[in-house]
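Q: I have just opened this structure and would like a guided tour. Could we go through it step by step?

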Amino acid sequence: MHDSGEMIQLMNIDGERQANPEWDAYLSDVDDDMLRQFYRDMFYTRRFDKEATALQRQGQLALWVPLRGQEAAQIGAGRATKPQDYLFPTYREHGVALTRNVDFPQMLRLFRGISNGGWDPRENNFHMYTMVLAAQVPHATGYAMAAKMDDAAMTPEQRAEDGTAVMAFFGDGASSEGDVHESMVFAASFNAPLVFFCQNNQWAISVPVEVQTKVPLSYRAQGYGFPGIRVDGNDVLAVLAVTRWALERARTGQGPTFIEAYTYRMSAHTTADDPTKYRLDSEEAAWVERDPLTRLENHLRATGIGDDAFFEDVSRGADEMAARVRQEAMSFPVPQLENLFENVYAEAHPLIQAELREHLEYEAGFLDQADATAGGKHA
């Protein structure tokens, strides 16, 4: 159906809507309220990203992974899913997390270094963040293969409505990892209901996308025997339509799809990175003109869907959200170190129990502050 390398765009960089009968069919329910919600989602995501970056700079987070510039790709993809779908993120899918009702403050537990996650993935079908590059993609493939077995007894009509689709998120750098290749082989061979969603943000830390591939990344799907499609990742409507199409294919037994969302990371790879060392200011400036938030704002203003009062309300609400994020993040309880021993095995293990006893004995060998103060008074 696709694989042409043509980039699907339904809203140009000025916010002007472009008719496309093929893809407009997947947007029939998008009304003014939904468009306003998309903008709110994107704006809140960017505001959260800004607040988390500030928290890291102030020493309250060990690390943060910014996403500025990728909001449309994430909100469009996330809003295309159904509740029963299961999503496997990397470490940058903060906007997707919003669409799956993951509470923003809880996402900071991992980056504050007090949790291995922060939320229960079973509550919203949104998996834990994966720090190891591309490691989540084989997990997503296995989950999709199992979901296909679970849904095998459904009629085609039931699968189309209630079947489970799985989506794996990764970046252009991760696309070169063997995990992605192996996952695509398995997904194709077993016709798994899986969408490979690659956010091509042009840079794998300091390595440009030209070093990852000489052709559009979406072409890679051809080698595995399933469709690949390239979409303007800064166009929330195009991403929504293309992702809905891919998820529909997955649910109805047509197998996997590869989506390349062509976008740009407008900030650093992480707060430990300095992009001025490897890319030009002129490149960043060129992508500012394609800012997904500005694009949608222009559309809302030009069509009368959003006025000054609406945008002021969104900004005010985002600031209130950011204040809550900061307050909750700063008040997280500090877990006891011995809790680490409880999460190594599902059941008690003699060696781990012995190590815990040794650890507690070691800690008991130190005077606490109160004892030290009391001892000083009587010396």
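**Overall build**

A: The protein chain has 15 helices and eight strands. Please keep in mind that this is a predicted model.

Q: What box do the C-alpha atoms of the protein chain fill?
A: Taken along the principal axes, the box is roughly 85 × 50 × 40 Å.

Q: And how does the radius of gyration fit with a compact globule?
A: A compact globule of 379 residues would have a radius of gyration near 21 Å, and the protein chain has 23 Å, which agrees.

Q: How much of the chain is made up of buried residues?
A: Buried residues account for 50% of the 379 residues.

Q: On to the rings. How many aromatic pairs are there in the whole structure?
A: A search of the whole structure finds 25 aromatic pairs. In one of them, the ring centres of W23 and W245 are 5.6 Å apart and the planes stand at 90°, so this pair is edge-to-face.

Q: Where in the chain do W23 and W245 lie?
A: W23 is in helix 1 (residues 21–24) and W245 is in helix 10 (residues 236–251).

Q: Is W23 buried or exposed?
A: W23 is buried, with a relative accessible area of 1%. W245 is buried too, at 4%.

Q: What about Y86 and F88, how are their planes set?
A: The planes of Y86 and F88 are at 45° and the ring centres are 4.9 Å apart, so the pair is tilted. The cut-off for buried is under 20% relative accessible area. Y86 has 7% and therefore counts as buried, and F88 is buried as well, with 3%.

Q: Which residues form an aromatic cluster?
A: One aromatic cluster is formed by F48, W64, F104, F111, W119, F126 and Y129.

Q: Which ring does the charged end of R109 sit over?
A: It sits over the ring of F332, 4.2 Å from the centre of that ring. In another case, the charged end of R290 sits over the ring of W287, at 4.1 Å from the ring centre.

Q: Changing topic: what volume does the largest pocket have?
A: Its volume is about 230 Å³. The lining consists of 18 residues, and Y91, R92, L133, G171 and H269 lie nearest the centre of the pocket.

Q: Which elements give two or more residues to that lining?
A: Those elements are strand 3 (166–171) and strand 5 (203–204).

Q: And the lining by class, what does it have?
A: The lining of the largest pocket has eight nonpolar, seven polar and three charged residues.

Q: Now the loops. What is the phi of N101?
A: N101 has a positive phi of about 65°, although it is not a glycine. N101 lies in the loop between helix 4 (94–99) and helix 5 (104–112), and is exposed, with a relative accessible area of 68%.

Q: Where is N191?
A: N191 is in the loop between helix 9 (178–189) and strand 4 (194–200). Its phi is near 50°, a positive value in a residue other than glycine. With 30% relative accessibility, N191 counts as partly exposed.

Q: Last one: where is P335?
A: P335 is in the loop between helix 13 (308–330) and helix 14 (350–364). P335 is partly exposed, at a relative accessible area of 35%. From C-alpha to C-alpha, P335 and Y219 are 47 Å apart in space, and they are 116 residues apart in sequence.

Methods:
Residues numbered from 1 in each chain as written. Predicted model: local features only at pLDDT ≥ 70, side-chain atom pairs only at ≥ 80, totals over all residues. Heavy atoms only, no water. Phe/Tyr/Trp six-rings, centres within 6.5 Å; stacked < 30°, edge-to-face > 60°. Helix = DSSP H or I, 4+ residues; strand = E, 2+ residues; numbered from the N terminus. Buried < 20%, exposed > 50% of the residue type's maximum accessible area, 1.4 Å probe, protein only. Lys NZ or Arg CZ within 6 Å of the ring centre and 35° of its normal. 1 Å grid on protein atoms, 1.4 Å probe; cavity = no way out; pocket = protein on both sides within 12 Å on 5 of 7 lines; lining within 4 Å. Points joined across faces, edges and corners; volume = space filled by probe spheres on them. Nonpolar A, V, L, I, M, F, W, Y, C, P; charged D, E, K, R; others polar. Rg over C-alpha atoms; globule rule 2.2 N^0.38 Å.
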